[in-house]
Amino acid sequence: MNFDASELKFDERGLVPAIVQDARTGEVLTLAYMNSDSLQKTLDTGETWFWSRSRSELWHKGATSGNTQRVVAVRQDCDGDALVVLVEPAGPACHTGKRSCFHRDLQGDVVEEKFESLGTVLDELYDLIASRRRDRPEGSYTTYLFEQGLDKILKKLGEEVAETIIAAKNDEKGPLVSESADLIYHLIVLLVDRGVSFDEVKDELLLRRKRGTTRKG
């Protein structure tokens, strides 16, 4: 994939700042620099390449550490003088081992890393349930559901729907929170069993948003 270099405003050194962002959580992972060659290699390989200002050479993120970054999209800002690179990281972005390079406050103290969005948690749960369906580890409740088949999965989902409704009548939030988590888990089991991905559900929701409705029809 080639890009039109005339669309970007490289500085006097031929560089443009590239903000690397986790595509799933939105977390900013690092700030690096690209020249036209590193940007082209990024587009060609689907992994991030940058220009090292200290070593004056191209470098492939994760080439030695294994912490590569799979590129989902590259966007330029409105002035064409900065990039955002959306990635799926295979490990920490920072050489210190931290997930993000931005892990210190203005006093230099390390801040607690806490960036678990609902989307990230759901994606991780989907992947875990999918692995249970594939590997069928003994003693796993999820394995039990898959081995019992679709009718059992639907029965359990129906039970969780009823229990969530009952919990909603409770004045306390705790039971509703707990039953909602159970309901979401069993819904994901059904989606995995029927081969439906989150992306397909997301696309349907986006389509409805464009139509200005949240429901079918």
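Asp193 is buried, with a relative accessible area of 15%; here buried means under 20% relative accessible area, exposed means over 50%, and partly exposed lies in between (1.4 Å probe, protein chains only). The model is a predicted one, in which local features need pLDDT of at least 70 and side-chain atom pairs count only at pLDDT 80 or more, while totals for chains, interfaces and linings use all residues. Residues are numbered from 1 along each chain as its sequence is written, and side-chain values use heavy atoms, with hydrogens and water left out.

The side chain of Asp193 meets that of Arg133 in a salt bridge (3.9 Å, N to O), a term for a side-chain nitrogen of Lys or Arg within 4 Å of a carboxyl oxygen of Asp or Glu. Asp193 lies in helix 5 and Arg133 in helix 2, so the pair ties together parts that are 60 residues apart in sequence. Helices (H or I, at least four residues) and strands (E, at least two) are DSSP runs, numbered from the N terminus. Arg133 is partly exposed, at 35% relative accessible area. The structure holds 11 salt bridges.

Another of these joins the side chains of Arg99 and Glu27 (2.8 Å, N to O). Since Arg99 lies in the loop between strand 6 (83–89) and helix 2, and Glu27 in the loop between strand 1 and strand 2, the pair ties together parts that are 72 residues apart in sequence. Glu27 is buried, with a relative accessible area of 10%, whereas Arg99 is partly exposed at 27%.

Strand 1 (residues 16–22) and strand 2 run antiparallel and are joined by six bridges; strands pair if DSSP finds at least two bridges between them. They form a hairpin with five residues between them, and Gly26 in the turn has a positive phi of about 85°. Pro17 stands opposite Tyr33 in strand 2. Five of the seven residues of strand 2 (residues 28–34) are buried, so this strand is largely enclosed by the rest of the structure.

Helix 4 shows a clear division of sides. In this helix, Ile153, Lys156, Leu157, Glu160, Thr164 and Ala167 are buried. They cover an arc of only 100° around the axis, which puts them on the same side of helix 4; the arc is that of the directions from the helix axis to the C-beta atoms. The face turned away from the buried side carries the exposed residues Asp151, Ile165 and Ile166.
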